[in-house]
Amino acid sequence: MDQDALDVNNISFEHKGAYFASWLTSKQVIDAIEDMEVREDDVFLVTYPKSGTVWTQQILSLIFNEGHRNGTEQTENIDRMPWIEYNIKNVDFTSRPSPRLFTSHLPHYLMPSGLRSGMGKIVYVCRNPKDVLVSCYYFVNTLAPLKHPVNWETTIELFMAGTVIGGSWFDHIRGWYTHKKDFNILFVTFEEMKKDLRSAVKKICTFVGVNLDEKEIDTVVEKATFKNMKHDPVSNYKFLSEDVVDKSRGDFLRKGIVGDWKNMMTVSQCERFDKVYREKMEDLPIKFVWELNEKPAP
Ligand code: A3P
């Protein structure tokens, strides 16, 4: 195995078929999640990494807090919606007031079992895997414990093998999609949010049962654009500590576009990817949007 692939392996561990950032969680933490209390009005945002998590965190945070924040405007999104498997600030979930908002990259079978008895709501956001792969490549290279940069070719191989933090994209999507009946779940795509953010915000509002008026919707949409989030200190993830990411190596909010894979993948890389995609996803009735002909925000 290449040295850079080994370096990626060194910063992650496998547990029950998924891969986790080893310096941010442990097997014990992940196993304990199954018994986590779930309340009827809990909302869990679930994604495979690099699929629009922090974007949807911003949307949900604004839906639940805009207009009645009571002086909490400076609260960072990670505090509004902590990750259940990467609880890096040791938030006491039990003492949080309802409605509680959480974030997770977990596969369906590692989530709190209470969610399977109809309690709580899940917003599942997915993105076309070629853009996830590109975003993953840039993001992995910002991870603080990574000793040497990982190259693009290696990232493709690790991603297709599913041995990157987050595990297999293919398994994540398949697992959540084929078990959707077990949960109270809404599927949203990164691409539909890019095409029509306002409609996506409304769809999420309806699902989580929050009634916002048109002006409040406008505010959510405005504050959730890429341009505005990039400069918003509560949502741009510049608050992450240096032992999590090395900010000199790149921004969390990088380009935020659909179709960046076209700038990265060679024809042969694409062909290989398409073949694996077909083999693994052909039987699922999920269709992704692969490009939108847009330019990155300045
Ligand atoms: P790129 O690396 O392609 O730019 P996650 O939050 O799941 O880690 O996903 C990160 C990706 O979502 C990054 O993609 C980031 O730029 C993009 N993103 C975050 N906020 C966004 C927004 N408001 N609009 C569009 N893309 C956004």
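Asn-141 is buried, with a relative accessible area of 12%. In this predicted model, Asn-141 sits in the loop that runs between helix 5 (129–140) and helix 6 (152–161). A polar atom of the Asn-141 side chain lies 3.1 Å from the backbone oxygen of Tyr-137. Not counting residues up to four places away in sequence, Asn-141 touches Leu-146, Pro-149, Val-150 and Arg-249.

**The protein as a whole**

The protein contains twelve helices and six strands. Its radius of gyration is 18 Å, close to the 19 Å that the globule rule gives for 298 residues, so the protein is as compact as a globular protein of that length. The C-alpha trace spans about 50 × 45 × 40 Å along its principal axes. Of the 298 residues, 55% count as buried. Among contacts with a separation of 6 or more, 72% are between residues 24 or more positions apart.

**Helix 7**

Is helix 7 (residues 169–178) largely enclosed or largely open? Seven of its ten residues are buried, so helix 7 is largely enclosed by the rest of the structure. The buried residues are Trp-169, Phe-170, His-172, Ile-173, Gly-175, Trp-176 and Tyr-177. Their cover includes strand 3 (43–47), strand 5 (121–126) and strand 6 (185–189), together with helix 5, helix 6 and helix 12 (267–281). At the start of helix 7, a side-chain oxygen of Ser-168 comes to within 3.2 Å of the backbone nitrogen of Phe-170.

**Residues in loops**

| Residue | State | Relative accessible area |
|---|---|---|
| Met-264 | buried | 18% |
| Arg-39 | buried | 17% |
| Lys-50 | buried | 10% |
| Asn-90 | exposed | 68% |

Met-264 belongs to the loop between helix 11 (226–230) and helix 12. Leaving aside neighbours within four places in sequence, Met-264 is in contact with Val-134, Tyr-137, Tyr-138, Trp-152 and Gln-269. Tyr-137 is also the residue whose backbone oxygen lies 3.1 Å from the side chain of Asn-141. Met-264 and Val-150 are 114 residues apart in sequence, and their C-alpha atoms are 15 Å apart in space.

Arg-39 lies in the loop between helix 2 (27–32) and strand 3. Which residues does Arg-39 contact, leaving aside its neighbours within four places in sequence? They are Phe-93, Thr-94, Arg-96, Pro-97, Ser-98, Arg-100, Met-119 and Gly-120. With Ser-98 there is a polar contact of 2.9 Å between the two side chains.

**Backbone exceptions**

Most residues other than glycine have a negative phi, and most peptide bonds are trans. Ser-98, the polar partner of Arg-39, is joined to Pro-99 by a cis peptide bond with an omega of about -5 degrees. Pro-99 is in the loop between helix 4 (77–80) and strand 4 (101–104).

Asn-90 is likewise found in the loop between helix 4 and strand 4. Asn-90 is not a glycine, yet has a positive phi of about 50 degrees. Lys-50, in the loop between strand 3 and helix 3 (53–65), has a positive phi of about 70 degrees and is not a glycine either. Asn-90 is exposed, whereas Lys-50 is buried.

Note on methods
Residues numbered from 1 in each chain as written. Predicted model: local features only at pLDDT ≥ 70, side-chain atom pairs only at ≥ 80, totals over all residues. Heavy atoms only, no water. Helix = DSSP H or I, 4+ residues; strand = E, 2+ residues; numbered from the N terminus. Rg over C-alpha atoms; globule rule 2.2 N^0.38 Å. Buried < 20%, exposed > 50% of the residue type's maximum accessible area, 1.4 Å probe, protein only. Contact = heavy atoms within 4.5 Å. Polar contact = N/O pair within 3.5 Å; in protein donor to acceptor, adjacent residues only side chain to side chain.
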